[in-house]
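Trainee: I have this one open on my screen. Please walk me through it.

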Amino acid sequence: MGRRSRRRSKGEAGPASTTDYEDPEGNVLAVRNGLSWGTRRKLSEVSGGAAATRDDAWQRQGELMFERLVVSWTIAGLPLTGQKELLGRYRMADSDTRRWVRDTLEKHLERLNTA
């Protein structure tokens, strides 16, 4: 009985703290402030298979950072919070938007690593 109650209380942590970043068009990207050690390790070791190009690996690492860090993205006043809709919107973004998101996430990770 004691074991069950411990297992249940584990998942009841509050929402993760986030930092908001605004792009020049006023869209807001909410990014998670903490990452587990395993996620940090996974981000650092992303490569592709033997047939993957450097660009493929770079794209995959960008998507993995996005999946693990982004909590919400408000575009033109419409908040996106579901993982599928966030990733879908990221994949549909133009190259300038994807570059801004990637640069923002890389700077955010640098700040987390130095804190």
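Mentor: Start at the hairpin of strand 3 and strand 4. Two residues sit between the strands, and Ala 76 there takes a positive phi near 55°. Helices (H or I, at least four residues) and strands (E, at least two) are DSSP runs, numbered from the N terminus. One caution: this is a predicted model, where local features need pLDDT of at least 70, side-chain atom pairs count only at pLDDT 80 or more, and totals for chains, interfaces and linings use all residues. Residues are numbered from 1 along each chain as its sequence is written, and side-chain values use heavy atoms, with hydrogens and water left out.

Trainee: What makes the phi of Ala 76 worth a look?

Mentor: Ala 76 is not a glycine, yet its phi is positive, at about 55°. Most residues other than glycine have a negative phi.

Trainee: Is Ala 76 buried or exposed?

Mentor: Exposed, with a relative accessible area of 75%. Exposed means over 50% relative accessible area, buried under 20%, and partly exposed in between (1.4 Å probe, protein chains only). Ala 76 has its place in the loop between strand 3 and strand 4.

Trainee: How many bridges hold strand 3 and strand 4?

Mentor: Three, and the two strands pair in the antiparallel sense. Strands pair if DSSP finds at least two bridges between them. Look at Trp 73: it stands opposite Leu 80 in strand 4.

Trainee: And which way do strand 2 and strand 3 run?

Mentor: Antiparallel, with four bridges joining them. In that pairing, Val 31 stands opposite Val 70 in strand 3.

Trainee: Let's zoom out. How many helices and strands does the chain have?

Mentor: Five helices and four strands. From the N terminus on, the order is α-β-β-α-α-β-β-α-α. The chain has 115 residues, and 31% of them count as buried.

Trainee: New topic. How many aromatic pairs are there?

Mentor: A search of the whole structure finds two. In one, the ring centres of Phe 66 and Trp 73 are 5.8 Å apart and the planes are at 65°, so the pair is edge-to-face. In the other, the rings of Phe 66 and Tyr 90 have centres 4.5 Å apart and planes at 20°, so this pair is stacked. Rings of Phe, Tyr and Trp (its six-membered ring) pair if their centres lie within 6.5 Å; planes under 30 degrees apart are stacked, over 60 edge-to-face, the rest tilted.

Trainee: What does the Phe 66 and Tyr 90 pair tie together?

Mentor: Phe 66 is in helix 3 (residues 54-69) and Tyr 90 is in helix 4 (residues 83-92), so the pair ties together parts that are 24 residues apart in sequence. Phe 66 and Tyr 90 are both buried. Trp 73 is buried as well. Phe 66, Trp 73 and Tyr 90 make up one aromatic cluster.

Trainee: Which residues touch the most others in the largest nonpolar core?

Mentor: That core has 21 residues, and Leu 29, Phe 66, Trp 73, Val 101, Leu 105 and Leu 109 touch the most other members. A nonpolar core is a set of buried Ala, Val, Leu, Ile, Met, Phe, Trp, Tyr and Cys residues joined through side-chain atoms within 4.5 Å.

Trainee: Which element gives the most to this core?

Mentor: Helix 5, with five residues. Strand 2, helix 3, strand 3, helix 4 and helix 5 are the elements that give two or more residues. In soluble globular proteins, nonpolar side chains tend to be buried together.

Trainee: What does helix 5 pack against?

Mentor: The buried residues of helix 5 pack against strand 1 (18-22), strand 2 (28-32), helix 2 (37-44), helix 3, strand 3 (70-75) and helix 4. Those buried residues include Thr 97, Arg 98, Trp 100 and His 108. Thr 104 is in helix 5 too, and at 8% relative accessibility it counts as buried.

Trainee: What does Thr 104 touch?

Mentor: Tyr 21 and Leu 29, not counting residues up to four places away in sequence. Contact means heavy atoms within 4.5 Å. Now take Leu 29. Leaving aside neighbours within four places in sequence, its contacts include Phe 66, Trp 73, Trp 100, Val 101 and Leu 105.

Trainee: Last one. Where is Asp 23?

Mentor: In the loop between strand 1 and strand 2. Asp 23 is buried, with a relative accessible area of 9%. Asp 23 and Thr 97 are 74 residues apart in sequence, but 8.8 Å apart in space, C-alpha to C-alpha.
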